[in-house]
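I opened a new page for this protein chain.

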Amino acid sequence: MIDEMEFERRARACTGKLFRVCYSILPERADRDDAIQEALIKAWRKRGTLKDDAVFEGWLMRIAINECRNVLRHKKRMTTAELNEMIPANDSIPDLSLHDALQKLDVGLRLPVVLHYIEGYTVQETSRLLGLPLGTTKHRLKRAISILKEQLREE
(Lines give C-alpha, C1' and ligand atoms only; values in the text may rest on other atoms or scores of the structure.)
Protein backbone atom coordinates (compact mmCIF):
# COMPACT_ATOMS: atom_id res chain seq x y z
CA MET A 1 0.00 0.00 0.00
CA ILE A 2 1.20 3.50 -0.84
CA ASP A 3 2.25 5.51 2.22
CA GLU A 4 1.12 9.09 2.82
CA MET A 5 4.24 10.81 1.45
CA GLU A 6 4.30 8.71 -1.73
CA PHE A 7 0.56 9.25 -2.27
CA GLU A 8 1.00 13.01 -1.88
CA ARG A 9 3.99 13.07 -4.26
CA ARG A 10 2.16 11.14 -6.96
CA ALA A 11 -1.09 13.08 -6.51
CA ARG A 12 0.74 16.42 -6.81
CA ALA A 13 2.41 15.20 -9.99
CA CYS A 14 -1.07 14.58 -11.47
CA THR A 15 -2.80 17.80 -10.42
CA GLY A 16 -2.28 19.63 -13.71
CA LYS A 17 -3.73 16.77 -15.71
CA LEU A 18 -6.56 16.32 -13.22
CA PHE A 19 -7.48 19.99 -13.52
CA ARG A 20 -7.39 19.99 -17.33
CA VAL A 21 -9.45 16.82 -17.64
CA CYS A 22 -11.99 18.07 -15.10
CA TYR A 23 -12.06 21.41 -16.93
CA SER A 24 -13.04 19.61 -20.11
CA ILE A 25 -16.04 18.10 -18.32
CA LEU A 26 -17.15 20.74 -15.82
CA PRO A 27 -17.59 24.39 -16.78
CA GLU A 28 -17.63 25.82 -13.25
CA ARG A 29 -14.41 26.16 -11.29
CA ALA A 30 -16.08 25.34 -7.97
CA ASP A 31 -17.44 22.10 -9.42
CA ARG A 32 -14.00 21.17 -10.79
CA ASP A 33 -12.35 21.91 -7.45
CA ASP A 34 -14.96 19.84 -5.63
CA ALA A 35 -14.59 16.93 -8.06
CA ILE A 36 -10.80 16.94 -7.75
CA GLN A 37 -10.93 17.15 -3.98
CA GLU A 38 -13.48 14.34 -3.76
CA ALA A 39 -11.42 12.23 -6.16
CA LEU A 40 -8.30 12.69 -4.02
CA ILE A 41 -10.20 11.79 -0.86
CA LYS A 42 -11.66 8.67 -2.45
CA ALA A 43 -8.27 7.67 -3.87
CA TRP A 44 -6.65 8.08 -0.45
CA ARG A 45 -9.33 5.96 1.23
CA LYS A 46 -9.16 3.27 -1.45
CA ARG A 47 -5.40 3.27 -1.99
CA GLY A 48 -5.25 -0.25 -0.58
CA THR A 49 -7.26 -1.52 -3.56
CA LEU A 50 -4.61 -0.35 -6.05
CA LYS A 51 -2.90 -3.57 -7.07
CA ASP A 52 -0.15 -2.06 -9.24
CA ASP A 53 1.48 1.22 -8.15
CA ALA A 54 2.62 1.79 -11.74
CA VAL A 55 -0.97 2.59 -12.82
CA PHE A 56 -1.56 5.18 -10.09
CA GLU A 57 -2.05 8.11 -12.49
CA GLY A 58 -4.64 6.32 -14.62
CA TRP A 59 -6.40 5.01 -11.53
CA LEU A 60 -6.62 8.51 -10.05
CA MET A 61 -7.71 9.97 -13.39
CA ARG A 62 -10.52 7.41 -13.63
CA ILE A 63 -11.73 8.32 -10.13
CA ALA A 64 -11.70 12.03 -11.08
CA ILE A 65 -13.64 11.40 -14.30
CA ASN A 66 -16.25 9.48 -12.33
CA GLU A 67 -16.51 12.32 -9.82
CA CYS A 68 -17.03 14.81 -12.64
CA ARG A 69 -19.79 12.60 -14.00
CA ASN A 70 -21.38 12.52 -10.55
CA VAL A 71 -21.39 16.33 -10.49
CA LEU A 72 -22.95 16.40 -13.96
CA ARG A 73 -25.68 13.99 -12.89
CA HIS A 74 -26.55 16.30 -10.02
CA LYS A 75 -26.57 19.35 -12.29
CA LYS A 76 -28.51 17.64 -15.08
CA ARG A 77 -31.51 19.80 -14.29
CA MET A 78 -29.72 22.80 -15.77
CA THR A 79 -30.21 23.48 -19.46
CA THR A 80 -27.37 23.36 -21.96
CA ALA A 81 -27.70 27.11 -22.54
CA GLU A 82 -27.28 27.82 -18.83
CA LEU A 83 -24.18 25.61 -18.70
CA ASN A 84 -22.62 27.24 -21.77
CA GLU A 85 -23.09 30.71 -20.27
CA MET A 86 -20.97 29.66 -17.29
CA ILE A 87 -17.99 28.31 -19.31
CA PRO A 88 -14.97 30.53 -18.61
CA ALA A 89 -12.03 31.19 -20.92
CA ASN A 90 -9.34 28.53 -20.48
CA ASP A 91 -5.82 29.55 -19.45
CA SER A 92 -4.25 26.24 -20.51
CA ILE A 93 -5.52 26.26 -24.11
CA PRO A 94 -4.02 29.36 -25.73
CA ASP A 95 -6.15 29.33 -28.90
CA LEU A 96 -9.56 30.65 -27.85
CA SER A 97 -11.20 29.54 -31.09
CA LEU A 98 -10.04 25.99 -30.35
CA HIS A 99 -11.21 26.38 -26.77
CA ASP A 100 -14.64 27.53 -27.93
CA ALA A 101 -14.87 24.72 -30.46
CA LEU A 102 -13.92 22.17 -27.80
CA GLN A 103 -16.56 23.52 -25.43
CA LYS A 104 -19.22 23.14 -28.13
CA LEU A 105 -18.49 19.42 -28.38
CA ASP A 106 -20.58 17.00 -26.38
CA VAL A 107 -18.67 15.77 -23.31
CA GLY A 108 -18.64 12.28 -24.84
CA LEU A 109 -16.56 13.62 -27.71
CA ARG A 110 -14.66 16.34 -25.83
CA LEU A 111 -13.20 14.13 -23.12
CA PRO A 112 -11.42 11.65 -25.44
CA VAL A 113 -9.91 14.61 -27.35
CA VAL A 114 -8.62 16.21 -24.15
CA LEU A 115 -7.22 12.95 -22.79
CA HIS A 116 -5.56 11.89 -26.04
CA TYR A 117 -4.47 15.08 -27.80
CA ILE A 118 -3.98 17.50 -24.90
CA GLU A 119 -2.94 15.21 -22.04
CA GLY A 120 -1.01 12.78 -24.23
CA TYR A 121 -2.61 9.49 -23.27
CA THR A 122 -2.49 6.78 -25.92
CA VAL A 123 -5.76 5.76 -27.56
CA GLN A 124 -5.66 2.52 -25.56
CA GLU A 125 -5.11 4.39 -22.28
CA THR A 126 -7.87 6.86 -23.17
CA SER A 127 -10.19 3.96 -23.89
CA ARG A 128 -9.36 2.34 -20.56
CA LEU A 129 -9.76 5.62 -18.62
CA LEU A 130 -13.18 6.20 -20.15
CA GLY A 131 -14.28 2.59 -19.75
CA LEU A 132 -15.05 2.38 -23.47
CA PRO A 133 -14.21 -0.21 -26.12
CA LEU A 134 -11.17 0.73 -28.20
CA GLY A 135 -13.24 1.00 -31.39
CA THR A 136 -15.68 3.39 -29.72
CA THR A 137 -12.85 5.60 -28.50
CA LYS A 138 -11.27 5.70 -31.97
CA HIS A 139 -14.65 6.54 -33.52
CA ARG A 140 -15.27 9.35 -31.03
CA LEU A 141 -11.81 10.81 -31.63
CA LYS A 142 -12.29 10.72 -35.40
CA ARG A 143 -15.77 12.23 -35.15
CA ALA A 144 -14.64 14.94 -32.72
CA ILE A 145 -11.69 15.94 -34.91
CA SER A 146 -13.98 16.10 -37.93
CA ILE A 147 -16.42 18.37 -36.07
CA LEU A 148 -13.59 20.56 -34.74
CA LYS A 149 -12.08 20.96 -38.20
CA GLU A 150 -15.47 21.98 -39.58
CA GLN A 151 -16.09 24.47 -36.77
CA LEU A 152 -12.63 26.01 -37.07
CA ARG A 153 -12.87 26.17 -40.86
CA GLU A 154 -16.10 28.18 -40.53
CA GLU A 155 -14.31 30.73 -38.32
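I began with the rule for burial: a residue is buried under 20% relative accessible area, exposed over 50%, and partly exposed in between, with a 1.4 Å probe and protein chains only. I noted that this is a predicted model, where local features need pLDDT of at least 70 and side-chain atom pairs pLDDT 80 or more, while totals for chains, interfaces and linings use all residues. Residues are numbered from 1 along each chain as its sequence is written, and side-chain values use heavy atoms, with hydrogens and water left out.

**Entry 1: the whole chain**

I counted 8 helices and 0 strands in the protein chain. Here helices (H or I, at least four residues) and strands (E, at least two) are DSSP runs, numbered from the N terminus. Along the sequence I read the pattern α-α-α-α-α-α-α-α. The protein chain has 155 residues, and 37% of them count as buried. Next I looked up contacts, meaning heavy atoms within 4.5 Å. Taking contacts with a separation of 6 or more, I found that 67% join residues 24 or more positions apart.

**Entry 2: the aromatic rings**

I needed a pairing rule first. Rings of Phe, Tyr and Trp (its six-membered ring) pair if their centres lie within 6.5 Å; planes under 30 degrees apart are stacked, over 60 edge-to-face, and the rest tilted. This rule gave me 4 aromatic pairs.

I looked at Phe 7 with Trp 44. Their ring centres are 5.2 Å apart and their planes stand at 70°, so I wrote down edge-to-face. Phe 7 lies in helix α1 and Trp 44 in helix α2 (residues 29-45), so this pair ties together parts 37 residues apart in sequence. Is Trp 44 buried, partly exposed or exposed? Its relative accessibility is 29%, so Trp 44 counts as partly exposed. Phe 7 has 7%, so Phe 7 counts as buried.

Then I took Phe 7 with Phe 56. The centres are 5.6 Å apart and the planes are at 90°, so this pair is edge-to-face. Phe 56 sits in helix α3 (residues 56-75) and Phe 7 in helix α1, so the pair ties together parts 49 residues apart in sequence. Both Phe 7 and Phe 56 are buried. I also found one aromatic cluster, formed by Phe 7, Trp 44, Phe 56 and Trp 59.

**Entry 3: helix against helix**

Two packed helices are described by the angle between their axes and the distance between the axes. Axes are lines fitted to C-alpha atoms, for helices over the stretch in contact, and angles run from 0 to 180 degrees between N-to-C directions. Under 35 degrees is roughly parallel, over 145 roughly antiparallel, 65 to 115 roughly perpendicular, and the rest oblique.

I started with α1 (residues 4-25) and α6 (residues 107-118), whose axes come within 9 Å and cross at roughly 160°. That makes α1 roughly antiparallel to α6. On the α1 side I listed Arg 20, Val 21, Ser 24 and Ile 25; on the α6 side, Val 107, Arg 110, Leu 111, Val 114 and Leu 115. For classes, Ala, Val, Leu, Ile, Met, Phe, Trp, Tyr, Cys and Pro count as nonpolar, Asp, Glu, Lys and Arg as charged, and the others, Gly among them, as polar. The contact of α1 with α6 has 6 nonpolar, 1 polar and 2 charged residues.

Next came α6 and α8, packed at about 95° with axes 9 Å apart. They are therefore roughly perpendicular to each other. The contact includes Leu 109 and Tyr 117 of α6 and Ile 145 and Leu 148 of α8. I sorted the contact of α6 with α8 into 9 nonpolar, 2 polar and 2 charged residues.

Val 123, Gln 124, Thr 126 and Ser 127 in α7 meet Leu 134, Thr 137, Lys 138 and Leu 141 in α8. By class, the contact of α7 with α8 has 3 nonpolar, 4 polar and 1 charged residues.

**Entry 4: two residues outside the helices**

I found Gly 120 in the loop between α6 and α7. Gly 120 has 54% relative accessibility, so it counts as exposed. The C-alpha atoms of Gly 120 and Lys 17 are separated by 9.8 Å, and these residues are 103 residues apart along the chain.

Asp 3 belongs to the segment before α1. With a relative accessible area of 48%, Asp 3 is partly exposed.
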